[in-house]
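Q: Could you walk me through some helix packing in this one?
A: Gladly; let's start with the structure itself.

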Amino acid sequence: MGFDAFIGNSKLIERLRNKLREDRFPHGLVFAGPEGVGKHTCALMTAKALNCTVAGPADFCDSCVSCNKINAGTHSDVMTISVEEEASQIKIAQIRQILSTLSFQPLEGRNKIFIIDPANLMNQEASNALLKGLEEPPENSFFILIAVNVHELLLTVRSRCQVYHFSPLTLDEIRGHGIQDEFLVRWSQGSIGKARSLDAERLKARREVLLGFLEAAAGANDADFREMLAASADIAGSKQDFGTDMAVLAVLIRDLLFLSEGIPEQVINIDVEARFRELAARLSSERLIQMAGFLRVIEGSVKGNINRQILFDVMGLITSES
Ligand SMILES: [Zn+2]
């Protein structure tokens with residue numbers, strides 16, 4: 001089992017393997033793309049290929065001592081640098097520590113691999129320190145920087161790296177990972193990490209509340225409007241669910257937009273599509289785009305202490321004006 005076991009992004013994997021076959025594998029790599037599509041897994045696979053004692057240069061066996069140690073996280077030449085507990089950023093001391101090992105030969109393998117994940121959380125000093133390592137890397141040292149958005153990395157850092165852009169997985173690729181619940185397959189939005197961590201029952205329950213909210217708001221006359229405000233209070237009152245609610249609402253609005261634009265194959269909530277069609281027919285695309293814009297405002301203010309009740313009331317008003 002080697003790179004063939006990696007599901008999705010097959011062209012990217014092929015490009016990476018071609019590089020591994022060449023003599024000069026880039027010393028700095030950036031793996032960029034959404035959460036949960038296999039960037040870290042691919043970084044570990046690359047580390048295995050660079051150190052495997054059995055398989056050829058562009059693959060790994062996944063069962064030799066070297067591969068096993070990398071899988072167990074105990075290989076002395078393969079290190080993941082991440083945000084330390086109770087810290088919010090990767091600090092310069094962590095980067096200095098790995099740079100101090102650069103002049104030494106690998107301890108047990110052929111190559112040293114430093115995986116920095118998430119690389120966008122390196123603070124300015126840490127990024128600048130890393131530059132030194134990227135400028136004059138020893139023959140057998142490789143850096144793999146992982147980030148959702150490559151533009152969050154310093155330009156000077158990313159310009160010294162070869163960038164690989166990971167895409168979300170297709171529905172079939174998510175199924176290929178063994179996800180059988182079609183609701184989760186679609187709600188994962190191409191992230192296998194999300195498909196594995198989502199709680200389908202909780203999600204369905206919140207969706208029901210929010211869909212009810214949108215339905216009430218879309219058809220609000222005076223009497224309905226009171227009902228809508230009650231629903232809004234219900235949503236805003238449950239603090240615990242607020243983050244989930246924002247994510248669910250974003251998906252609902254996304255689906256409504258796809259339906260109103262006549263692209264039903266993109267719809268995630270196919271199990272309640274009839275209700276969505278009815279709702280979409282009552283809301284103009286323009287209004288939906290406004291709602292999506294408003295959602296971003298809400299997301300931006302979640303961290304601040306803005307009154308959630310007011311936000312939902314305003315959302316209700318936008319919806320009912322269409
Ligand atoms: Zn191996």
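Q: What is the handedness of the crossing of H4 and H5?
A: The crossing of H4 and H5 is left-handed, meaning that the near helix is turned anticlockwise from the far one by less than a right angle. This is a predicted model, in which local features need pLDDT of at least 70, side-chain atom pairs count only at pLDDT 80 or more, and totals for chains, interfaces and linings use all residues. Residues are numbered from 1 along each chain as its sequence is written.

Q: Which residues make that contact of H4 and H5?
A: From H4 they are Ile92, Gln94, Ile95, Arg96 and Leu99, and from H5 they are Glu125, Ala126, Ala129, Leu130, Lys132 and Gly133, where contact requires C-beta atoms, placed from the backbone, within 7 Å.

Q: And at what angle do the axes of H4 and H5 cross?
A: The axes of H4 (residues 92-99) and H5 (residues 124-135) cross at roughly 15° and come within 8 Å. H4 is therefore roughly parallel to H5 (angles under 35 degrees count as roughly parallel, 65 to 115 as roughly perpendicular).

Q: Switching over, how far apart are the axes of H12 and H13?
A: The axes of H12 (residues 242-260) and H13 (residues 273-282) are 9 Å apart, and these helices pack at an angle of about 75°, so H12 and H13 are roughly perpendicular to each other.

Q: Who takes part there, and which residues come from H12?
A: H12 gives Asp255, Leu256, Leu259 and Ser260, while H13 gives Phe276, Arg277, Leu279 and Ala280.

Q: Zooming out, how many helices and strands does the chain have?
A: The secondary structure of the chain comes to 15 helices and 5 strands.

Note on methods. Axes are lines fitted to C-alpha atoms, for helices over the stretch in contact, and angles run from 0 to 180 degrees between N-to-C directions. Helices (H or I, at least four residues) and strands (E, at least two) are DSSP runs, numbered from the N terminus. Angles under 35 degrees count as roughly parallel, over 145 as roughly antiparallel, 65 to 115 as roughly perpendicular and the rest as oblique. Two residues are in contact if their C-beta atoms, placed from the backbone, lie within 7 Å.
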